[in-house]
Amino acid sequence: MKNMLIQVSQFLALAGLLLFSIPSIAQSIELDKVGRNGFKGVQKLDDKGYYIQYEETNANPRTVKLIILDNSLVLVNEIKLELKADDKIEDLAYNGGNFMFIKSNRKEKTRTYKILDKQGKEIASKVLTEVASRLLYKPAMITPIEQTDFLVINYTKDKKVGYSLERFNDKLESKYMQIIEPEKKRLYPVDYLVSGNILYVLEFIAADMSDYFEYHVAGYTLVDGKQLFNNYLKSADEKTFGYPTFLRLASEGNIVTGGMYFNGPREGDATSDGLFTALIDPAGKMNYQYKTWKDVEAKVKEGNNTNGIWGGKTKTFIHDIVVNNDGTFTLVSENFRVGDEALAGGKNKTLGTLTKINSMSGNDSAPSYDAVTVSEFVLFDFNKENTLTAVRKLDKPASVTVVKGTSDANDQPYIGQGRGLNLANILNNKGYFPYKFTADKNGEKVLVYQFTYEKLYKEKLFFTKLNATTTDTTSMDITNSITKVEQELDAATTQKLGKLGSLSKKLDKATGTDIQNTHYLRGSDDPQDYRSRSLNTRLSSSNVSGKILIYDFVPELTGDANQKKGMLAKYNESMNNAINAKLKVWYIVIP
């Protein structure tokens, strides 16, 4: 084919055997020649399996592989896509029968849609030409519809900024297209989901050169794409303005969202005024509730283990809503605090450190840096009528990230990124906040969270029951292969071969700078890039109750210790596809 050559390698023992129908034995898989560039983690295909997308190392021309797995991690099928040098895969989706791919090429000003069957055979293709670069600045998003169609959400950016909705059948024939663009403001889709015959979109509206914001939940019928309702996420008394980042399915066909709120439609100094939740039914009726931080302050800050840190007030970062089988739900959050690097992790302030405090880009000859300390869980329980019934605080180890500006002159951070809320969003998107997701074990919800200790070359995985009233936690070591290699190479190149034990000291005794990680802030770090969060963790939820998925890259390095160290640095920093690596994927059983 002219634009994308598709080759399919079948791994089924019997011809004509359908996808996911073979008997399964394996509970892990190992893949060779896996490049970091283009890798999107392990994604659910549906409730019967998963897919893995990555670029093959040392491939000429560029080759993207799509590996199809069943729920036992048995390889069922493999699809190869040959791409041009400037091609970029934007999104992929599976509707239960077919796949849809979208790729773009900014150099050629094209965006290409393709429909493939489960064996990789092309069913339909459509190429849009002369697409302006401003329309390719963010990737399109696909959601499957009714096992026959696909809905594509695209960003629009001309005189107005918004998004479009277009529904395609399996022949890539457009059934309808709707364009949503506000007057004199910028509109971005933040999250979306389908429930029944309605597409729900969480919308963020901003104004140029301003901290003004609005969040809305819009509902569109899937029949013709017409808008059914649009709810502004603010209280009826117009005293509180919601600031959410997600939508979730609730009971009885409703959807639910929540997060922090502000007393006005401006972020200000990024210190929120409380939390809100909103239930919306299929007719668009909204049940919006809120609580000030003062309403829950005593319980949120009781025994707060960040009290000794120098810096701003303790804030609560809201991650997620978990809906229980009976319709009740829990708002999952972590407390965090922004402070000076020298006082992170619980150190007391001193006269010496007080004189060092300045901004990330300060002119002091020995500047200090901001550090974000994430501490305990705070869980807000609601009944199915959206009434707050309890607030629970669950202690866990502290996680400290020191934030420094990058040395890359072409990607310098800007002032707005350092504000508390923006900085917290960036660090969460990059994987520095411990909470990852909530898993299911025999009908019981379990919090899954991870700690990385860069200086100790360790990673630990923790599990805590969502309904716990006191800390009841189990953990395990999940240190990845790259970190282990880095530890060994650091020991070899610094002649510390006999001191590896000191580098991996017991984590329960680690304090101060031992538990600090470092993030080099870049101007390209986007606080609203919530989709990147799932790409910055090795963990993902699974289709199997009582298990989660984890992956590990094992790069193949050659030469002496210094040569290996150089190869590893290149591999980590540039996500280089010239260095071969193995990818291992397996299940972890929740204790």
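Q: Which residue forms a salt bridge with Asp87, and how close are the N and O atoms?
A: Start with the general idea: side chains of opposite charge can pair when their charged atoms come close. The term salt bridge is used for a side-chain nitrogen of Lys or Arg within 4 Å of a carboxyl oxygen of Asp or Glu. Here Asp87 pairs with Lys103, and their closest N and O atoms are 2.8 Å apart. Keep in mind that this is a predicted model, where local features need pLDDT of at least 70, side-chain atom pairs count only at pLDDT 80 or more, and totals for chains, interfaces and linings use all residues. Residues are numbered from 1 along each chain as its sequence is written, and side-chain values use heavy atoms, with hydrogens and water left out.

Q: Where do Asp87 and Lys103 lie?
A: Strands (E, at least two residues) are DSSP runs, numbered from the N terminus. Asp87 lies in strand β7 (residues 87-94) and Lys103 in strand β8 (residues 98-105), so their pair ties together parts that are 16 residues apart in sequence.

Q: Is Asp87 buried or exposed?
A: Buried means under 20% relative accessible area, exposed means over 50%, and partly exposed is in between (1.4 Å probe, protein chains only). Asp87 has 5% relative accessibility, so Asp87 counts as buried. Lys103 is buried too, with a relative accessible area of 4%.

Q: Which residues are linked with Asp149 in a network of salt bridges?
A: Glu146, Arg167 and Lys175 join Asp149 in that network. Asp149 meets Arg167 at 2.8 Å, N to O, and Lys175 at 2.6 Å, N to O. Asp149 is in strand β12 and Lys175 in strand β14 (residues 174-180), so this pair ties together parts that are 26 residues apart in sequence. At 3% relative accessibility Asp149 counts as buried, whereas Lys175, at 47%, counts as partly exposed.

Q: How many aromatic pairs does the structure hold?
A: Rings of Phe, Tyr and Trp (its six-membered ring) pair if their centres lie within 6.5 Å; planes under 30 degrees apart count as stacked, over 60 as edge-to-face and the rest as tilted. The structure holds 28 such pairs. In one of them, Tyr188 and Phe204 have ring centres 6.5 Å apart and planes at 25 degrees, so the pair is stacked. Both Tyr188 and Phe204 are buried.

Q: What is the geometry of the rings of Phe213 and Phe262?
A: Their centres are 5.6 Å apart and their planes stand at 65 degrees, so this pair is edge-to-face. Phe213 and Phe262 also belong to one aromatic cluster with Tyr188, Phe204, Tyr215 and Tyr243.

How values were computed: Helices (H or I, at least four residues) and strands (E, at least two) are DSSP runs, numbered from the N terminus.
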